[in-house]
Amino acid sequence: ISIMGNYHGLSLLFFSLLVSSAFSAELCHPDDKKALFRIKKAFNNAYEFASWTPDTDCCDWYLVKCDEKTHRITSLSVTDDNEVAGPIPDAVGDLPYLQDLSLGYLPKLVGPVPQAVARLKYLQFLWITHTNITGPVLYFLGQLTELNYINLSVNKLTGTIPSSLSNLHKFGAIFLERNRLTGSIPDSFGGLKNNKDVYLRLAKNQLSGPIPKSLGAVNFTVIDLSRNQFTGDASFLFGENKGLLDVDLSMNKFSFN
């Protein structure tokens, strides 16, 4: 009886150690895991998040990526899903090491881009396209100094283009086409002249006014201003910009030779 009792006790101890080891081996940071569960809940536990379960390591979950060394969440990508509905949750701002936020082809995604995104100081890639988000292109994006790619195209954004975007010294591309933006292109965009391979797409909005001459010094690779209400002379865009590969100024109210 004593031998059997000791054997049973050792078995329980071994099992406890095994379970403890399994939990301690989880690489995902607990704060990131909590934030991801809040995101899942905000999107009504859509099937897209089926792999997000409490007993698994969030670094192994579908839709996210972890840094190989720190194991913090660096990428969140949710695309092509008709079940993901509602506004972008504030919990995305609780993933402090996020570098890539991609939300695309989500027709039931609504509401504005939340202020919480301003907390993502390491964000490099912001891709929110083919959704029904509304509101302005928020000024605080210009405070995210690591940001170099913004794609907010094919949404229902309104208001003007914030001049603060010119503060992005690593800026490489901004796509805002097919929204409902008004006003003019900020003159401060001429401050991007030290950036290389700049892509600017503003087509199919309600933008107006002359093109700031400061843009003549920017190293555009692609510039698409088509289907707006721009006026005046845009010939300076073809001046010293030898890297310009693709330009579309069609369906505006320009007047120049």
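**Close-up views of a predicted model**

**View 1. Arg38, Asp94 and Arg119 belong to one network of salt bridges (a side-chain nitrogen of Lys or Arg within 4 Å of a carboxyl oxygen of Asp or Glu).** This is a predicted model, with local features needing pLDDT of at least 70, side-chain atom pairs counting only at pLDDT 80 or more, and totals for chains, interfaces and linings using all residues. Residues are numbered from 1 along each chain as its sequence is written, and side-chain values use heavy atoms, leaving out hydrogens and water. Asp94 and Arg38 meet at 3.1 Å, N to O. Asp94 sits in the loop between strand 3 (86-87) and strand 4, and Arg38 in helix 2, 56 residues apart. (Helices are DSSP runs of H or I, at least four residues, and strands runs of E, at least two, numbered from the N terminus.)

**View 2. Here is Asp32, a residue of helix 2.** With 1% relative accessibility, Asp32 counts as buried (under 20% relative accessible area; exposed is over 50%, partly exposed in between; 1.4 Å probe, protein chains only). Asp32 touches Arg72, Ile73, Asp94, Leu95 and Pro96, leaving aside residues up to four places away in sequence; contact means heavy atoms within 4.5 Å.

**View 3. Now meet the salt bridge of Arg201 and Asp224.** Their closest N and O atoms are 3.8 Å apart. Arg201 lies in strand 10 and Asp224 in strand 12, so the pair ties together parts 23 residues apart in sequence. Arg201 is partly exposed at 23%, while Asp224 is buried at 13%.
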